[in-house]
Amino acid sequence: MCNYFAVYASSLSSVLIPKYSVILFFQAAGIALIWAAEGGFRKNKIDSGDFFCLFVILLVAVGYCINNAAFTRTANYILMLIFLMTAKRSQRWENRFVKLMAAAGVFYIITTLLMYLDSELYYRTVPAFYPSERRFDWWYQSGFMTGITDHNTTNGCMLSIATIFWFGFWISAEPRSGAKRVYACLTVLAFFCLILTKKRGNLLFSVMGIMLACYFHDDGKKRRFLKYACILTAALNFLLLGYRFMPSLQEILERFQDMSGDENISIRLAMWQAALKAFAENPLLGIGWFGFSRKIAPLVGGRSGEAHCVYLQLACETGIFGTAIFCLWFGYSLFCAVSLLKSIGGKEKSYSTAMKRWIFISTAFQIFILLYAMTENPLYDYYINPVYYAMSIPTVQIYGRTLRREKRERKRTDELAAVSGKSS
């Protein structure tokens, strides 16, 4: 909870604790607490997750030295990765993390609905929290619900997390249980609130992440393709009804239809061209982590921020070498998640409910992030990149432990078979 305060509190973290140095202290405290709880470092083999964390720490530290980037951003990244290296000695924090993020999702669902229904509550509360932001009235009048966050993008990220996580709770729950019905209702509410933000990327890629994870999830039952056909038919019917009766969904679909005149698209194109140009000038090692927002973005019409495409920004900042390492990690961590998800069907009893939930959420969320990274900045945004690392790195470690356990079991079975053969 200390380590991920800035994640589940999102933009409210700057309101509740204005000095980010205090949040960094909380992160360090989280590392110290789990260190003490686990009795310090134990003898464990260094795995691929450790190598990846060390590689990213090196990139971020070198980028800070080259670009004199913000200290808090650098420290945030490094402390988060150190936590994940330390926390792998414990196998208990992952389930608590999932529950924490899902509970935070309920908070953003409730606040989004309240702000949507009561404009007076919205205007009394939200603009006062973020006095430097001037677009709240335009957002509300246009239907882009920020909820209680500082931006509808921030709210969209939190509601994407809520939708994926609660769907994971729903699909892994016991059949016909009361909890399963509650999880289904929370998933629907999160999805409805996500529509209210009018964030087309969050909406599209969240749905794609969930549907692809459902496809890979082999529950061992017959007629699975009929089930997928029913899901697709229900989704299409929902879109048709939503287009007729929900203005927010109608506007999202219309924004997909007419993207050529979208100002956001033209700005992104300019950012992408600038990133490609910087990559062409520094193809091997790039300009250093955090270099785009400091060196390149101001040249694009005096703007600031990230490139709105993680892959192009990685190429710009880390060159061919760094981008290749990241892409290898993206592919390998997703491969581990999908492999575990596929194995659940044949070995259902060997997985606990918490583990089945984790594997499904990890798969869906990784797919969401890799798709979302094409048009946004999930590896650079405070409120969402820790969730990706927290899902992908432990999943790789779980996959490694699973392979080692299966290897030991096969060896034990072979030994017993050999002894039995000799006896007979």
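**Helix packing and buried residues**

V106, I109, T112, L113 and Y116 in α6 meet L186, L189, A190, F192, C193 and L196 in α10; contact means heavy atoms within 4.5 Å. These contact residues divide into 10 nonpolar, 1 polar and no charged. Ala, Val, Leu, Ile, Met, Phe, Trp, Tyr, Cys and Pro count as nonpolar, Asp, Glu, Lys and Arg as charged, and the others, Gly among them, as polar. This is a predicted model: local features need pLDDT of at least 70, side-chain atom pairs count only at pLDDT 80 or more, and totals for chains, interfaces and linings use all residues. Residues are numbered from 1 along each chain as its sequence is written, and side-chain values use heavy atoms, without hydrogens and water.

**Helix geometry**
- α6 spans residues 93-117 and α10 spans residues 178-197; helices are DSSP runs (H or I, at least four residues), numbered from the N terminus.
- Their axes lie 10 Å apart, at an angle of about 50°. Axes are lines fitted to C-alpha atoms over the stretch in contact, and angles run from 0 to 180 degrees between N-to-C directions.
- The two helices are therefore oblique to each other. Angles under 35 degrees count as roughly parallel, over 145 as roughly antiparallel, 65 to 115 as roughly perpendicular and the rest as oblique.

**Cysteines**
- The disulfide count is 0, a disulfide being a pair of cysteine sulfur atoms within 2.5 Å.
- C157 is buried at 4% relative accessible area, and C193 is buried at 0%.
- Buried means under 20% relative accessible area, exposed over 50%, partly exposed in between (1.4 Å probe, protein chains only).

**T146**
- T146 sits in the loop between α8 (136-142) and α9 (152-172).
- T146 is buried, at 0% relative accessibility.
- Leaving out residues up to four places away in sequence, T146 touches Y122, V126, F136, W139, H151, N152 and N155.
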